[in-house]
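Biologist: I would like to learn how to read a few features of a structure, one at a time. Could we go through them together?

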Amino acid sequence: MVWWTRLFGSVHHAHRSAWTLGFAAAIGVTAAGPVSAEGLSDALVKAYQSNPQLIAERARQRATDENVPQALAGYRPQLMASLGAGLQQVRNLLPTNTFQSDTLKPWTIGVTVTQTLFNGFRTANSVRVAELQVKSGREALRNVGQGVLLDAVTAYTNVLANQALVAAQKANVDFLSQTLDITNKRLNAGDVTPTDTAQAEARLNRGRADLNAAEVNLAISQATYAAVIGNLPGKLSPASPIDRLLPRSREDAIALAAKGNPAVLAASYDVDVATTTIKVAEGSLLPTVTLQGNASRSRQADSTVGTLGTDQASVIGQINAPIYDGGTAASQTRQSKELAAQSRSVLDLVRNQTRTAAIGAWVSNEGAKIAVSAAESEVRAAEIALQGVGREAQGGQRTTVDVLNSQQDVIQARARLIGAQRDRVVASYTLLSAIGRLDVQTLGLNTPDYLPDVHYHQVRDAWHGLRTPSGQ
């Protein structure tokens, strides 16, 4: 009995201490320490500022902005300068049956200005298409931003959970190791049989395997954390759900997702893009009116050597009306109509997917609350059962395997609670993402928000210049 009292008293106390340091850190029951810990908001700021996927998407959006000045160029005059120079050998046969020859050095310089006055409204509709593409791209950028922030939350909580699991498994191994030591001593004293020792040894090896698996999962989660956030995790602060930002009912979640989810808004703009593209295609069936001005000067360009130079200037108005182009414009119009029909179907699909995602996120968040409560109750009951089994074992009413089984129930219950706490945090952020509000402003992150409209206004009315606003 003395051996078992020492085992259950000192070892279980050490186990509980390790459990407190490991698991409680994941669920927010840690004491303030001298070492500064990185919080979830800090990790989200890093991901928002440096995640490669998000940076690439911002560059894509800036490239999309350039479609607008390209479309606006259709309103502006086109100016073309030309210069030609060379050598020309001339040999003329005269009526007197004699030859006249000379070497000329002709050159010509000219400038042509072309202004489109009417092109079937293609320029106006092209500008409209480009602006709608910008709006769609902004929503796509917002969607990627939400995904990156949600990935950061997932990576952060995975590291916390796996750190807690490693700590719990280490405490379990310590418990089982000391259990085996004391069981061996009791075997030598004749209190137990070799079966008890074999059972304790088997559980210890299982515990070591579980610890190894937990350490592997922790290493993987740390690598994922570095990929998403930009640095390996150090000491992390507890993460909490964000219930204060979430809708109060499932119906509210569905309504907010329908109005604010960036995937839905992007698909809506894509429908407008496809519809306006039909008008662009139809514009090629209408006449085109242009005005062209030309001025040129040439010297020594007359092969008869009778004229030394020519100066010319002209202003010409031109109307081109298509009669038949082989069916190209008609085919492009029909094609645009089919693409518009496709975009409307895609919008319906995205709306359905968003609604499903909102319902799933709401249900998952509510279910996570219940899972945490149930897991907490399970842990309390399992710990009480372990204490009871330990006392009964001291009285000879329980065997070593009973204690080992009860200990296994405790560690499994704690692992489920760790997973439930992790799922609880992720589910709350997933629901916020489903309704389209997982962003810097809503979360109150300490970082400037990336504003895509700044670059748009910088380049929209730019008439020239090869450098980007960032100086590239």
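Biologist: Is Arg142 buried, exposed or partly exposed?

Modeller: Before answering, note that this is a predicted model, in which local features need pLDDT of at least 70 and side-chain atom pairs count only at pLDDT 80 or more, while totals for chains, interfaces and linings use all residues. Residues are numbered from 1 along each chain as its sequence is written, and side-chain values use heavy atoms, with hydrogens and water left out. Buried means under 20% relative accessible area, exposed over 50%, and partly exposed in between, with a 1.4 Å probe and protein chains only. Arg142, with a relative accessible area of 26%, is therefore partly exposed.

Biologist: With which residue does the side chain of Arg142 meet in a salt bridge?

Modeller: A salt bridge is a side-chain nitrogen of Lys or Arg within 4 Å of a carboxyl oxygen of Asp or Glu, and by this rule the count comes to 13. Arg142 pairs with Glu139, at 2.9 Å from N to O; both lie in helix H5, three residues apart, which is about one turn of the helix. Glu139 counts as buried, at 13% relative accessibility.

Biologist: How do the axes of H5 and H8 cross?

Modeller: Helices (H or I, at least four residues) and strands (E, at least two) are DSSP runs, numbered from the N terminus. Axes are lines fitted to C-alpha atoms, for helices over the stretch in contact, and angles run from 0 to 180 degrees between N-to-C directions. Angles under 35 degrees count as roughly parallel, over 145 as roughly antiparallel, 65 to 115 as roughly perpendicular and the rest as oblique. The axes of H5 (residues 122-189) and H8 (residues 262-283) come within 8 Å and cross at roughly 165°, so the two helices are roughly antiparallel to each other. For H6 (194-229) and H10 (residues 400-434), the axes come within 9 Å and cross at roughly 15°, which makes H6 roughly parallel to H10.

Biologist: What is the phi of Phe121?

Modeller: Most residues other than glycine have a negative phi. Phe121, although not a glycine, has a positive phi of about 65°. This residue lies in the loop between S4 and H5, and Phe121 counts as exposed, at 52% relative accessibility.
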